[in-house]
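Dear colleague,

Please read them with the coordinates open beside you.

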Amino acid sequence: MEFRAGGVGMQVPQDNFMTVMDRMSHALEQPVGAPSASGLLRELVRSAADAVLVAQVQEEAASLRLRVLAEAGGLLSGPLEWEEAVAAVAQLVVGGFADWCAVDFLDEHGALRRLTARHAHEERSPCTGCLEAFTPERVRPSAITEVVRTGCPLLVTGLGVPGTRGLAPEAGGRESGGSFLVVPLAARHRTLGAMSFVRGPGREPFGEAERMLTEDLASRVGLAIDHARLLRESRAAEAESRRHAARLRILVDVDRLLAQAGLELPAVLDVIAHKVSEVIGDGCVLQLIREEDSTLEPVTLHHPDPEARWLLASTVHARRQRSGEGLHGGVVLGGHSVLLPDIDAEAARASEGLAEYVPYLERYGAQSLLVVPLRAQGRVVGTLGVVRDVAGGSRPYTEEDRLLLKSLGERAALAIVGARLYGAATEAVRLRDDFLSVAGHELKTPLCALRLQIQMLARLTRGEAAAPDVAERVAKAERASERLAVLVDELLDVGRISSGRLLLEREELDLAQLTREVLGRMSEAFSRSGSEVRLIVDAVPAGRWDRMRLEQVLVNLLSNAVKYGRGQPVEVRVEEGGQKGVRLVVKDHGIGIAPEDRARIFERFERAVEDKRYQGLGLGLWITREIIDAHGGSIQVHGGPGEGSTFTVTLPRG
Ligand code: ADP
């Protein structure tokens with residue numbers, strides 16, 4: 001048995017103090033003077049001395065073990081970063097417990113990486129000069145990998161002794177050889193790496209006690225690494241979610257601003273340029289592909305500094321780029337974003353695609369450039385580029401900025417396409433309205449002449465005894481010309497109302513009287529349709545209204561009652577509407593209107609009938625509502641399919 005006081009690596013004998021005491025009591029039970037008794041007692045005294053020594057050594061070993069573990073625990077839970085703390089633990093064990101200690105861990109890619117390797121200080125090391133040769137990799141290259149793979153500790157002794165796997169014996173080296181011990185670093189049932197210890201030749205090889213101590217140590221180091229990783233991951237996740245929230249806030253803000261900008265393209269472009277310049281900075285250039293010649297056209301640009309803005313504008317206008325040409329053209333062709341973190345005039349001069357940026361870079365020094373494609377409906381419609389002054393101390397663009405600009409670009413592209421579609425639709429509507437109003441004016445003059453002639457003919461056929469079929473045909477022609485006149489007026493009203501030219505000429509009017517007049521003029525139409533019409537007046541329906549326009553309202557509502565009333569009775573009421581003014585109600589018992597159509601029939605060119613018998617342009621109710629709106633009133637309709645319709649107009653007295 002060999003013990004080294006103060007050494008942790010002692011060999012603990014099988015005997016222990018209790019066994020010795022048992023044997024001693026057995027000897028004392030022998031008769032005195034028995035031949036074996038004195039020898040037995042001598043042996044017992046020696047065993048007792050050994051046992052006391054063993055107990056002392058065990059106690060020392062236990063207290064040392066506690067000290068090492070306590071110190072290691074203190075280091076691992078102290079203020080040091082986890083890498084420094086683990087290195088300090090490795091340093092703690094070399095010199096006394098081991099001559100060399102290393103810690104390897106699995107990185108995020110699963111590769112084994114060396115965190116630290118400590119050698120004993122020369123004066124304290126019993127195997128100066130030979131430690132280098134005893135690192136585990138040199139002795140058994142796969143030892144650490146094996147421990148990490150299996151999760152089981154590994155102990156190799158007798159290194160350097162001929163016949164053992166490992167190194168050749170040192171010149172003059174001792175036969176006892178060196179030993180090394182590799183224990184896994186584990187936490188939460190996962191192996192995170194390994195901790196390796198070497199004890200040089202000439203020292204007691206590692207044994208069971210060392211294995212237990214190193215396993216305790218490794219479990220503390222494993223936990224510390226695991227905690228540090230969890231902390232790092234949670235900090236990273238927190239930082240990521242903060243970045244994410246900030247990005248989201250910006251995008252929500254941009255969405256809000258774009259919604260406020262509406263569908264007008266210049267306003268949309270202005271919002272994009274200013275917001276991108278503000279949140280990513282510094283300068284922002286938006287270019288769109290022109291349909292005509294597929295070149296990129298700078299459509300908006302912003303930089304907070306007016307001089308830089310001016311120079312940036314001359315930079316992007318210097319050369320119109322086609323797809324594949326220059327920085328922006330390359331982004332269009334490739335469909336990928338380009339990030340140039342740090343570019344100066346010299347580098348731009350040397351690069352073919354950046355020549356136009358040279359004056360800007362010469363004036364403002366190195367810049368960071370970032371350009372993303374504007375993609376909508378599956379195709380690239382332009383580019384969104386930003387430039388940041390890195391010579392002025394700003395940090396270059398990062399992947400984070402690229403992602404943000406890409407998201408902003410997606411929104412910008414959608415808003416631009418929406419605004420363009422809206423622009424095209426508005427233009428088409430304007431062209432149509434222009435055409436209708438020109439056509440209306442062109443038709444009106446010959447139509448007036450035609451109506452005059454027909455009216456004269458009608459008078460002649462009524463006065464003289466004309467053939468009955470001639471009088472009937474002339475009457476038909478008169479009705480058709482009247483209808484034509486109404487249609488032409490409706491077409492002219494489209495242009496007037498769309499361009500805000502519906503002007504009222506108010507005068508003092510009696511609505512009941514006006515209704516009577518219109519009904520009188522339409523009596524023939526009512527009798528032709530078979531509908532009886534009844535007027536009920538229970539108010540003093542006076543107010544200041546536009547006579548011609550109110551006549552138009554009455555004609556529209558009453559002719560619809562004739563057209564869609566299926567020859568059933570029609571009731572017209574003029575009544576008191578309380579504070580709201582006067583109410584005009586036109587009620588028929590005809591085809592009625594489905595609930596889902598009730599709102600849209602007041603829109604331009606909207607109709608709710610497909611039957612060819614009911615002809616019309618779908619303009620009458622729209623014009624009616626516009627006239628009533630202009631008077632500050634309102635119109636509503638009730639009655640479902642087959643139930644007839646009731647139109648209620650409320651008119652303030654004006
Ligand atoms: P038009 O009668 O020329 O189609 P209007 O603007 O006057 O145009 O009416 C729009 C639509 O409203 C009509 O096409 C019809 O479907 C519905 N409508 C209007 N008045 C009535 C009514 N009194 N009864 C049933 N449907 C009606």
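For the count that follows, Ala, Val, Leu, Ile, Met, Phe, Trp, Tyr, Cys and Pro are taken as nonpolar, Asp, Glu, Lys and Arg as charged, and the others, Gly among them, as polar. On that scheme, the shell around the ligand is made up of ten nonpolar, six polar and four charged residues. Please keep in mind throughout that this is a predicted model.

The ligand site

Among the 20 residues around the ligand, those that come nearest are Asn-560, Tyr-564, Arg-607, Ala-608 and Leu-621. On its own the ligand has 530 Å² of accessible area, of which the protein covers 97%. Two or more residues of the shell are given by each of the elements α16 (547-564) and α17, and the largest share, three residues, comes from α16.

Aromatic pairs and charges over rings

Searching the whole structure gives six aromatic pairs. One of them joins Tyr-360 and Tyr-364, whose rings are 5.1 Å apart centre to centre with 45 degrees between the planes, a tilted arrangement. Because these two tyrosines are four residues apart in helix α11 (residues 358-364), about one helical turn separates them. Tyr-360, at 1% relative accessibility, counts as buried, and Tyr-364 counts as buried too, at 14%. The pair of Phe-602 and Phe-647 is edge-to-face, because the planes stand at 75 degrees, with the ring centres 6.3 Å apart. Phe-602 lies in the loop between β15 (582-587) and α17 (620-630), while Phe-647 belongs to strand β17 (residues 646-651), so this pair ties together parts that are 45 residues apart in sequence. Both Phe-602 and Phe-647 are buried.

Elsewhere, Phe-97, Phe-197 and Phe-206 form one aromatic cluster, and the charged end of Arg-199 sits over the ring of Phe-97, at 5.8 Å from its centre. Arg-363 lies over the face of Tyr-364, 4.4 Å from the ring centre.

Backbone points to check

Most residues other than glycine have a negative phi, and most peptide bonds are trans. Against that background, the peptide bond from Gly-281 to Asp-282 is cis, with omega near -10 degrees, and Asp-282 is placed in the loop between α7 and β6 (283-289). Ser-294, in the loop between β6 and β7 (296-302), has a positive phi, near 55 degrees, and counts as partly exposed at 42% relative accessibility. Phe-605 also has a positive phi, near 60 degrees; this residue is found in the loop between β15 and α17 and is partly exposed, with a relative accessible area of 29%.

One proline may also be worth a glance. Pro-266 is found in helix α7 (residues 265-279) and, at 61% relative accessibility, counts as exposed. Pro-266 and Thr-300 are 34 residues apart in sequence, and their C-alpha atoms are 8.5 Å apart in space.

With best regards

Key: Residues numbered from 1 in each chain as written. Predicted model: local features only at pLDDT ≥ 70, side-chain atom pairs only at ≥ 80, totals over all residues. Heavy atoms only, no water. Phe/Tyr/Trp six-rings, centres within 6.5 Å; stacked < 30°, edge-to-face > 60°. Buried < 20%, exposed > 50% of the residue type's maximum accessible area, 1.4 Å probe, protein only. Lys NZ or Arg CZ within 6 Å of the ring centre and 35° of its normal. Near = heavy atom within 4 Å. Areas by Shrake-Rupley, 256 points an atom, 1.4 Å probe, with all protein chains shown as cover.
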